[in-house]
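Biologist: Could you walk me through how the labels on this model were assigned? I would like to set each one against its cut-off.

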Amino acid sequence: MAEQVRLQKFMADCGVGSRRKCEEWIVQGQVSVNGGVVAELGTKIDPDRDEVRFRGKVLRPAAGKITVMLHKPAGYVTTVRDQFNRPNVCELVRIPGVRLYPVGRLDYQTTGLLLLTNDGDLDYLLTHPKNHIPRVYEAVLRGHPTADALQELESGVKLAKGKKSAPAVVRILKSGTNATHVEFTLYEGRNHEVRQMAQAVGYPVLRLKRTGFAGLSLGNLQEGHYAVLKQEQVEDIKNRYQP
Ligand code: URA
């Protein structure tokens with residue numbers, strides 16, 4: 001008998017979405033196994049025997065695992081569904097027969113390094129907060145942050161909903177007439193985190209670009225272009241960050 005796997009892992013391996021997103025869909029009753037809706041987490045299935053349907057469509061595991069690094073342009077959303085129907089990053093990566101989804105999020109106006117994958121294990125590893133995956137951002141801030149403000153950004157500032165940002169590394173790259181280029185290295189992935197942090201100390205973000213993620217660098221990849229990661233690169237990430 002084939003190995004049983006958790007339903008959400010099987011779904012992620014089919015390239016439907018991240019494991020956590022799949023859990024939400026399960027709880028919402030959008031998934032059936034052998035004709036019956038399964039709305040409970042923890043269900044295991046046999047990929048060789050059980051028929052899993054998502055929104056009525058039979059799921060089959062992706063033929064091969066693919067991960068790409070995209071240089072996201074501004075003006076694209078990274079969420080699967082957008083209420084305003086704005087362009088989606090997935091439209092920029094067209095590989096026949098392969099459905100990829102973004103690893104984490106970047107804001108609509110943020111540019112830079114975004115991974116897209118159908119590798120559920122990799123997605124899980126890179127998005128789980130316990131793994132402290134490094135994310136490097138280049139932010140253009142309005143004004144000239146003081147030494148105290150930089151210190152505050154590094155040690156943690158108050159964010160929305162009473163949360164505090166985790167310790168970060170912050171350094172000035174370039175100082176202009178009215179703005180400052182600042183590099184942030186964060187080890188967690190909260191929504192709008194850099195924008196919130198900078199706003200909290202009084203120097204709002206004018207432009208934001210992610211230049212590094214999980215040890216990968218954007219290099220000279222052009223905006224709107226993508227590169228398929230080599231097997232060794234994916235393995236290297238898994239070896240480095242696997243707990
Ligand atoms: N922090 C932000 O504020 N926005 C992003 O897109 C990513 C990190």
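**Labels and their cut-offs**

Modeller: Gladly, starting with Arg190: its relative accessibility is 33% and therefore it counts as partly exposed, since buried means under 20% relative accessible area, exposed over 50%, and partly exposed in between (1.4 Å probe, protein chains only). Bear in mind that this is a predicted model, in which local features need pLDDT of at least 70 and side-chain atom pairs count only at pLDDT 80 or more, while totals for chains, interfaces and linings use all residues. Residues are numbered from 1 along each chain as its sequence is written, and side-chain values use heavy atoms, with hydrogens and water left out.

Biologist: Why is Asp107 called buried, and why is Arg195 called partly exposed?

Modeller: Asp107 has a relative accessible area of 18%, so it is buried. Arg195 is at 24%, and therefore it counts as partly exposed.

Biologist: Which other salt bridges can you show me?

Modeller: The whole structure has 11 of them. Among them, Glu51 and Arg53 meet at 3.1 Å, N to O. Glu51 is partly exposed at 32%, and Arg53 is partly exposed at 30%. Lys9, Arg19 and Asp121 are linked in a network of salt bridges.

Biologist: What makes Arg55, Lys57, Arg81 and Arg99 a positive surface patch?

Modeller: Patches are made of residues with over 30% relative accessible area and no salt bridge, with like charges joined within 9 Å and nonpolar side chains (Val, Leu, Ile, Met, Phe, Trp, Tyr) within 5 Å. Lys and Arg count as positive, so these four residues form a positive patch. One of them, Arg81, is exposed because its relative accessible area is 62%. Arg81 lies in the loop between β7 (67-72) and β8 (101-102).

Biologist: How do you know that β2 and β5 pair?

Modeller: Two strands pair if DSSP finds at least two bridges between them. Three bridges join β2 (residues 31-33) to β5 (residues 52-54), so the two strands, which run antiparallel, are paired. Val31 stands opposite Phe54 in β5.

Biologist: Why are β3 and β6 called edge strands?

Modeller: The open sheet of four strands has the order β3-β2-β5-β6, with antiparallel pairing. β3 (36-37) and β6 (57-58) each have a single partner strand, so one side of each is left without a neighbour in the sheet.

Biologist: What joins β11 to β12?

Modeller: Six bridges join β11 (residues 169-175) to β12 (residues 179-186), so these antiparallel strands also pair. They form a hairpin with three residues between them, and the bridge partner of Lys174 is His181 in β12.

Biologist: Why is Phe213 called buried?

Modeller: Phe213, in strand β13 (residues 205-213), is at 2% relative accessibility and therefore counts as buried. The C-alpha atoms of Phe213 and Leu113 are separated by 7.0 Å, although the two residues are 100 residues apart along the chain.

Key: Areas by Shrake-Rupley, 256 points an atom, 1.4 Å probe, with all protein chains shown as cover. Salt bridge = Lys/Arg side-chain N within 4 Å of Asp/Glu carboxyl O. Charge placed at Lys NZ, Arg CZ, Asp CG, Glu CD.
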